[in-house]
Amino acid sequence: MKESLGRKMQRKVKVAVDAMGGDHSPKEIVKGAIEAVNEREEVEVFLTGKKELIEKEISLYHYPQEALHVVDAREVITNDEAPVLAIRKKKDSSIVTALNLVKKGDADAFVSAGSTGAVLVGAQLIVGRIRGVERPPLAPLMPTMNGVSLLIDCGANVDARSSHLVQFAKMGSIYMENVVGIKNPRVAIVNVGVEEEKGNMLVKETFPLLKNCNEINFIGSIEAREIPNGAADVIVTEAFVGNVILKLYEGVAAVLIKKIKQSMTATAVSTLGAALVKPQLKKALKDFDLSQYGGAPMLGLNGLVVKSHGSSKSVEIKNSIIQCIAFKEQKVSEKIAAGIVLPETI
């Protein structure tokens with residue numbers, strides 16, 4: 001029995017969480033961490049930030065005490081600070097403290113709803129890139145008619161090169177196959193048409209490289225309107241276009257959900273009809289709630305870094321923590337390291 005428990009403890013995935021990041025910290029961050037350890041016994045969470053504030057929130061909940069720890073960090077990096085300067089100066093910040101836990105091997109992953117710039121910079125400076133990875137991308141899961149697709153990159157590399165996009169495709173394929181469970185995921189590049197000769201200079205340079213890449217299942221170009229239909233599993237682009245797609249996706253989804261709810265309660269008849277279809281409608285709307293899929297993983301690092309929305313509530317924090325379990329158990333970082341060809345050998 002003791003040996004069995006020992007093996008169980010060894011399988012725990014340790015996640016460092018920035019308790020001071022985001023619009024609703026530390027309340028929603030702590031709540032999400034509590035929900036994660038209560039739901040999944042194989043995860044252990046380290047909350048970094050001002051100890052007295054975190055412990056005040058923790059005291060409101062019941063949870064397995066061995067699965068939740070507080071690591072005191074007295075400084076907070078805000079959104080209006082220069083990321084590089086903040087990471088270098090605020091060594092006792094909740095972000096830097098958590099990233100150092102990953103660097104030292106005390107945590108397997110890091111989750112934050114804090115400053116995107118600070119998280120991206122800190123991840124590369126402290127956790128570090130896998131050898132051979134040119135640019136780590138941010139890659140959120142996006143709901144579609146057929147499940148989810150991975151948008152890569154959505155915010156880390158605005159001025160990407162063709163070699164970067166090829167690596168994005170490889171890393172995205174590894175993530176979708178091992179974390180989401182999609183075998184031989186379909187890879188497409190965002191374009192203004194499906195014809196091979198279309199696109200800007202970057203797309204035209206990247207297309208033949210993806211076409212000749214034997215490690216991925218490249219299906220060609222994808223227009224933005226086909227993304228919600230689930231026409232591809234991995235959607236490759238540079239961060240400027242990716243971020244525009246993501247923000248528009250979020251905005252349209254929010255407006256549609258709001259309009260549907262308004263129309264369903266506009267009259268007595270529609271309210272009655274809404275009551276009849278409520279279970280199925282609730283499920284459909286939930287599928288397009290991006291918070292259900294957690295934050296965006298930053299791939300290609302010597303550990304997992306997940307960036308959640310600044311407006312994250314507990315459900316997104318919980319799901320961001322939970323996605324770290326599959327990432328670690330499936331050894332995604334190791335598989336990315338094995339699948340990336342070093343630049344000097346190309």
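## A walk through the model

In helix α3, which spans residues 51-58, the buried residues are Ile-54, Glu-57 and Ile-58. Their directions cover an arc of only 100° around the axis, so they sit on the same side of α3. What lies over them? The cover for these buried residues includes α2 (27-39), β2 (43-49) and β3 (68-72). Keep in mind that this is a predicted model.

The largest nonpolar core has 60 residues, and the ones touching the most other members are Val-15, Val-45, Leu-47, Ile-321 and Ile-336. Helix α7 (residues 162-180) is the top contributor to this core, giving eight residues. There's also a second, separate core of 37 residues, with Leu-101, Val-119, Val-127 and Met-142 among its members.

Next, a helix pair. Two packed helices are described by the angle between their axes and the distance between the axes. For α5 (residues 94-103) and α6 (residues 116-127), the axes come within 10 Å and cross at roughly 35°. That crossing is right-handed. On the α5 side, the contact is made by Ile-95, Val-96, Leu-99, Asn-100, Val-102 and Lys-103, while α6 brings Ala-118, Val-119, Gly-122, Ala-123, Ile-126 and Val-127. Sorted by class, that contact has nine nonpolar, two polar and one charged residues.

Start with Ser-25, in the loop between β1 (13-18) and α2. Is Ser-25 buried, partly exposed or exposed? Its relative accessibility is 25%, so Ser-25 counts as partly exposed. Apart from its neighbours within four places in sequence, Ser-25 is in contact with Ala-19 and Met-20. The peptide bond running from Ser-25 to Pro-26 is cis, with omega near -10°, and Pro-26 is found in the loop between β1 and α2. Another cis peptide bond joins Ile-152 and Asp-153, with omega at about 20°; Asp-153 lies in the loop between β6 (147-152) and α7.

Positive phi values turn up too. Asn-184 isn't a glycine, yet its phi is near 50°. You'll find Asn-184 in the loop between α7 and β7 (186-190), and at 52% relative accessibility this residue counts as exposed. Lys-331, likewise not a glycine, has a positive phi of about 55°, and its place is the loop between α11 (314-329) and α12 (332-339).

Methods: Residues numbered from 1 in each chain as written. Predicted model: local features only at pLDDT ≥ 70, side-chain atom pairs only at ≥ 80, totals over all residues. Heavy atoms only, no water. Axes fitted to C-alpha atoms, helices over the stretch in contact; angles between N-to-C directions. Helix = DSSP H or I, 4+ residues; strand = E, 2+ residues; numbered from the N terminus. Left-handed = near helix turned anticlockwise from the far one by under 90°. Contact = heavy atoms within 4.5 Å. Nonpolar A, V, L, I, M, F, W, Y, C, P; charged D, E, K, R; others polar. Core = buried A, V, L, I, M, F, W, Y, C linked by side-chain atoms within 4.5 Å. Buried < 20%, exposed > 50% of the residue type's maximum accessible area, 1.4 Å probe, protein only. Arc of directions from axis to C-beta.
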